[in-house]
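Please work through the exercises below with the sequence and the model at hand. Each task is followed by a solution in steps.

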Amino acid sequence: METEMEDVSSKRVTDFLQKCVKLEDNEGDAQPKEEIIEVQTLPVLAPSYPQPVQEEISMVFNTCPVPASLGPCTRRRREKGNSHDGTSTSLYVDRRKSKVWNYYTKLGDAYVECNVCKKQLSFHNSTTTMREHLVRKHSIRDTLLSQLKDDQVSDPDYVGQENAIKRARQLTTESNSQFHAVSCTEPRTDVILELVLEMIFRDLHPLSVVKDKGFGLLIGYLEPSFILPSPMQLSSMLWHRYNVVKQHLEHYLQTAQSIVISAEFWLSHPNQTYLTIMTNFIDGEWRRARCILETQQVHENKAEGNLGDRLYSVLTDFGLSNKSVFCVMHDSQQALEANSIQLKSVYGWTSLCCAAHLLHQCVKVGLEVEQVQEALSTARSIVCYFQQDAKATCSLNSKLEAINKTKLKLVMDMGARWITTIEMCECLLDLKWAIMSVLEEHPKGTMVVQNLADHQWKLLQDLVPVMRTLKIATSFLREEQNFSISSVMPCIHGIITAIGQQSEEASGVIKTVVNNIRSELTQRWGILDDEKLLESPAVVASFLDPRFKEMRFLSPSLRSELHKKIKSMLSQFFNHQSPVSAQFWVPNADYKAEVGEAGSQLSAHKERGPSGQSQSMYDILLGKDPTESMPEIHQQLENYIVEPLCKRSTNPLDWWKNNEHRFPSVARLAQQYLAIPATVVPPDQAFAPSESALEHRRGVLAPENLDQILFLHQNFDFLESMRNGNENLIKNAHSQY
């Protein structure tokens, strides 16, 4: 009898589930009153108490009512109440769960089982797959489930989020004619406006970003009562911020001993030419400063012809004298040749060329060897083939997975950036066997693209070490302590020596490449011209860098000549009647007193004459002391020369900040020469393999606000850090007393 009752119960449960599914098909619009999150065990229905099918369905979709006044925790305990014997007396409800759970049983944390077909599905905190299974496998229409979004339908927080998003969308369609919102407090409104403005110039966004729908939705959700300003209002705010920062920069520039001007010509995406004028200097705390003064559109035919007039106008606008300019750094050899004569004759400014541009030109000449060009052209066609043929790419990826080289990808080089040529060759050599295998397997491979010959593979293999040495040089110049031009000459001599040694056992083609590069490096930096070398600011800067002051790349005789030249420069530098001192630096009153005291002592010594009474025993036995007649500035120079070398990883500005009091005269000269940058733009940008996101954004900015946005982008954080640094110095000074 008990067995028959169990069979009847099992049959009634099966019939119940089938009729439940049919009811869903026929009454899809019916909305159940409660939601069940989980059915762990169905209660056994006693045969002595038969219930109609409708009552069985009501047991699934309805439960005993729970008072609405109860809190969520109390309601949950009531819904999960147990009988005295520990078994569940009713199916409990959690209003946060979707009704999809009516058809599933949860098996642990990662799996669920369909109550209809008993199929197990993986579960990852989302009911989307479960709903799709019901619709696709069991044709349970989604009418009852469509209004219940996954796991969030009856959550009050989710409903609140939906309402907030709706309000945000409504606000974006309203008029933005007013600057402040009624219910948004005045200080909070001002802060949001300032942050929107900072977002624009920090990330180089156009002013029209406030009209973008997505941005409006975001602000509307975060601050529903805030009304975004119009682009015209933002433009007014931008001008105000620009003028404030400009005034601070003007005051800061007045503290510079001398400045170095950098001129960068660049193209926007509509192919408009712009000129960005930057200033470089080292302040009194030995901090390197690089500030943008102006960015203006220039006509193509006048892009490089009237640079001197443009620079003079900008200097006047910032209250700077043309005598405060030490030299001008150009971004190309063409710009230097077009302006150097005028800048020297009219304004007395020395012109230099960007080291990154010169290095690029030298490498370009080296790679112009015919055999190298043929190999690189074939390599480019191979990369292009794999980039355009999906089947070949899939085959290559499968082979890379087999040899655990999935991280390697083919790279196409760019003619204007020679570093990408190295990357292309390195990738091809790493994937050589996989590439050759794919080209042989694909019938169209060898027909569409020509594979590299064995001698071409060998040529690329021999070329990579040479190019890698050049790439190491760019990494050297990228380091912060090597931003100055003082690092250029040691780097160039290191390249010449290293690639010369690499070519000793290489093929004739590689030797030709190396000889061409070395010849270009020697010519463009005037290494074989002793007179030109001594006049080079890069050589003087290297001597004033405590890491390279031994000047090992110069011959002993040339080193001696350089020391004499530095002595002469120091004498002119501190001669008040010399035009050089008037041009670069005027000593303060304390230094005048110091020099005057040294001069009076020297004259008093001369007046005593070589009498026996005025001579000491050292003078009688050892002769005249050379240090007594040596000017103080020359003695400082001699002491600096014999000073031990510091580590090559040392930042020269930090070294001079700590030793300025020992060599004050030499330090002033170092402050002038070490301010010259090696590259016009920051080294990371100059040697980058591709255009950065900020460069791309710069190219699409509207010309009306481009100058102000770039000005604030470069100068705002820098001036803020300078101000904070000065405040810390003042605090530290006060704390010492």
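The model is predicted: local features need pLDDT of at least 70, side-chain atom pairs count only at pLDDT 80 or more, and totals for chains, interfaces and linings use all residues. Residues are numbered from 1 along each chain as its sequence is written, and side-chain values use heavy atoms, with hydrogens and water left out.

**Exercise 1.** Determine which residues of β5 are buried on each face.

*Solution.* Step 1: Helices (H or I, at least four residues) and strands (E, at least two) are DSSP runs, numbered from the N terminus. Buried means under 20% relative accessible area (1.4 Å probe, protein chains only). Step 2: In a regular strand the side chains alternate between the two faces of the sheet. Step 3: One side of β5 holds the buried T273, L275, I277, T279 and F281, and the other holds Y274, T276, M278, N280 and I282, also buried.

**Exercise 2.** Identify how β5 pairs with β4 and with β6.

*Solution.* Step 1: Two strands pair if DSSP finds at least two bridges between them. Step 2: β4 and β5 run antiparallel, joined by eight bridges; A263 has I277 as its bridge partner. Step 3: β5 and β6 are also antiparallel, over nine bridges, and F281 stands opposite A289.

**Exercise 3.** State where the buried residues of α9 lie and what they pack against.

*Solution.* Step 1: In α9 (residues 307-317), L307, G308, L311, V314 and L315 are buried. Step 2: They lie on the same side of α9 because they cover an arc of only 130° around the axis (taken from the directions from the helix axis to the C-beta atoms). Step 3: These residues pack (contact means heavy atoms within 4.5 Å) against β4, β5, β6, β7 and α10.

Methods
Buried means under 20% relative accessible area, exposed over 50%, partly exposed in between (1.4 Å probe, protein chains only).
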